Amino acid sequence: QFLPSSRLTVEHPHFDDETRLSQNCFVQFQKGNPRRRRPVRRVRRGEVAGLDLKTGSACSICFSDDGFLIGCGQGHLLCKGCRWAALRIVVGDVTQTQNLVCGCLTIDDKRALQGLAEAADKSFQACLAAPPADAGEDQEFQMELAQVRRQFQVRDVPSDIFQRKVADWYEMARRRESEHLYHACVHPGCSMDNWILRIDFESKYRPQGLFTWLCRAGHRNSVLPSQSEINQANRNILSHPEYYTHSCGYDSLSLRRFRFCPGCVDEGLLTFAVHNEGCKQWPGSGTGHRHCFCWHCTKKWGTDCSHSVNCNDPGLQQVRRCSDGSGSEKLEIGFVDAQAYIAWIRTGENCPDTIFENSRILGLTRQGQLKMEDRDTLKSYMDEGTT
């Protein structure tokens with residue numbers, strides 16, 4: 001038998017207020033020897049958030065006298081009005097998944113947020129059924145009711161409105177975390193259900209040389225390099241307008257170090273190719289890359305150019321995104337007169353334009369967009385060369 005002095009009660013210092021209020025005070029006994037025992041608490045994180053347990057302490061936000069436990073590790077309290085407002089703020093921003101409600105909760109505290117939503121629904125419906133008798137409290141509730149109707153676009157507030165919105169917020173947050181796995185449809189408002197997985201695009205479209213795809217709603221999309229990637233590639237080309245050799249192998253032509261692969265550009269890709277040695281055919285063996293072209297004139301090897309063709313250098317390549325005429329975009333190559341560009345770097349006079357098939361970009365405009373207006377820096381790049 002236990003002596004009165006051996007009894008363990010809920011007043012034991014091991015139990016805190018949260019444990020007592022949620023009735024989670026337990027005693028653990030050793031098997032075969034009940035005299036060996038210890039007090040234990042079995043409160044899972046966030047469990048008390050769904051219980052309207054009055055603590056007698058003030059709300060941590062508005063300092064009212066009816067704070068309820070949130071379920072965070074710091075024991076913060078919220079009154080019912082602040083609880084409604086906090087949940088409206090949480091579900092209104094899917095990009096914010098940390099420092100929620102009191103600042104302690106995160107998206108991982110699902111039990112606490114679901115519990116808060118359930119308690120919020122119960123208290124909200126209770127106020128709808130029996131509005132506060134106090135004029136001031138009733139005015140606050142009517143303002144909150146108007147906020148809920150406006151934010152959630154409802155007239156008759158469903159009995160589980162906060163639980164629905166929290167569940168929707170979790171679903172949107174989950175989708176947002178996986179957005180990087182998809183190519184998004186550019187059509188405004190097109191659902192994520194219509195997007196295509198990047199891995200599916202790379203396996204089904206890229207091998208065919210395609211860079212456009214139709215979403216399930218029928219919208220046409222392009223998968224192209226970003227503008228920042230295009231700008232960086234264009235800068236690399238313009239940084240070295242000089243020839244790295246004046247007599248390449250077999251063809252004895254002057255060649256530059258860098259080119260874009262024209263075949264890849266036609267397929268919506270930016271392949272930054274490098275010529276190290278050998279003839280004007282790239283790649284020299286005709287293998288190792290899916291396209292083969294003339295490094296000197298950039299035309300397709302075997303059909304538009306060969307070792308028997310005396311071709312001309314069109315200048316420095318530049319790439320841009322433009323309309324494909326079908327509601328989507330494509331990549332287009334233009335050219336800059338290399339000798340005129342070198343002369344501008346040295347003298348500052350007559351910066352040559354970029355000439356595309358049906359239009360042009362003014363030279364100084366191009367240099368400004370690429371942030372390549374410092375001719376001294378460009379001259380140092382050119383004088384250093386690429387070796």
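α7, β11 (258-260) and β15 each give at least two residues to the lining of the largest cavity. Keep in mind that you're working with a predicted model.

**Exercise 1.** Work out which residues line the largest cavity and how they divide by class.

*Solution.* Start with the count: the structure has one cavity of 30 Å³ or more. Next, the space: the largest cavity holds about 50 Å³. Finally, sort them: the lining comes out as three nonpolar, four polar and two charged residues.

**Exercise 2.** Trace the sheet that β15 belongs to, and find which strands sit at its edges.

*Solution.* Begin with the order. Four strands make an open sheet, running β15-β16-β17-β18, with antiparallel pairing. A quick reminder: strands of a sheet pair through backbone hydrogen bonds, either parallel or antiparallel. The edges are β15 (316-323) and β18 (360-361), since each of them pairs on one side only.

Then look at which helix lies against this sheet. Helix α7 (residues 227-238) packs on it and touches β15 and β16 (329-336). The direction of α7 makes about 160° with that of β15.

Now take the pairs of strands in turn:

- β15 and β16 run antiparallel and are joined by eight bridges. Pick glutamine 318, and its bridge partner in β16 is glycine 334.
- Between β15 and β16 there are five residues, and the two strands form a hairpin. In the turn, glycine 325 has a positive phi of about 80°.
- β17 (residues 354-355) and β18 also run antiparallel, with two bridges joining them. Here threonine 354 has isoleucine 361 of β18 as its bridge partner.

**Exercise 3.** Decide how helices α3 and α5 are oriented: roughly parallel or roughly antiparallel?

*Solution.* First get the geometry. The axes of α3 (residues 110-129) and α5 (residues 161-177) come within 7 Å and cross at roughly 155°. Angles over 145 degrees count as roughly antiparallel, so α3 and α5 are roughly antiparallel to each other.

Next, list who touches whom. On the α3 side the contact uses Lys110, Leu113, Ala117, Glu118, Ala120, Asp121 and Phe124. From α5 come Ile161, Phe162, Gln163, Val166, Trp169 and Tyr170.

Methods
Residues are numbered from 1 along each chain as its sequence is written. This is a predicted model: local features need pLDDT of at least 70, side-chain atom pairs count only at pLDDT 80 or more; totals for chains, interfaces and linings use all residues. Side-chain values use heavy atoms; hydrogens and water are left out. Axes are lines fitted to C-alpha atoms, for helices over the stretch in contact, and angles run from 0 to 180 degrees between N-to-C directions. Angles under 35 degrees count as roughly parallel, over 145 as roughly antiparallel, 65 to 115 as roughly perpendicular and the rest as oblique. Contact means heavy atoms within 4.5 Å. Two strands pair if DSSP finds at least two bridges between them. On a 1 Å grid over the protein atoms alone, a cavity is a set of points where a 1.4 Å probe fits but cannot get out, and a pocket is an open set with protein on both sides within 12 Å along at least five of seven lines; lining residues have an atom within 4 Å of a point. Grid points are joined across faces, edges and corners, and a volume is the space filled by probe spheres set on the points. Ala, Val, Leu, Ile, Met, Phe, Trp, Tyr, Cys and Pro count as nonpolar, Asp, Glu, Lys and Arg as charged, and the others, Gly among them, as polar.
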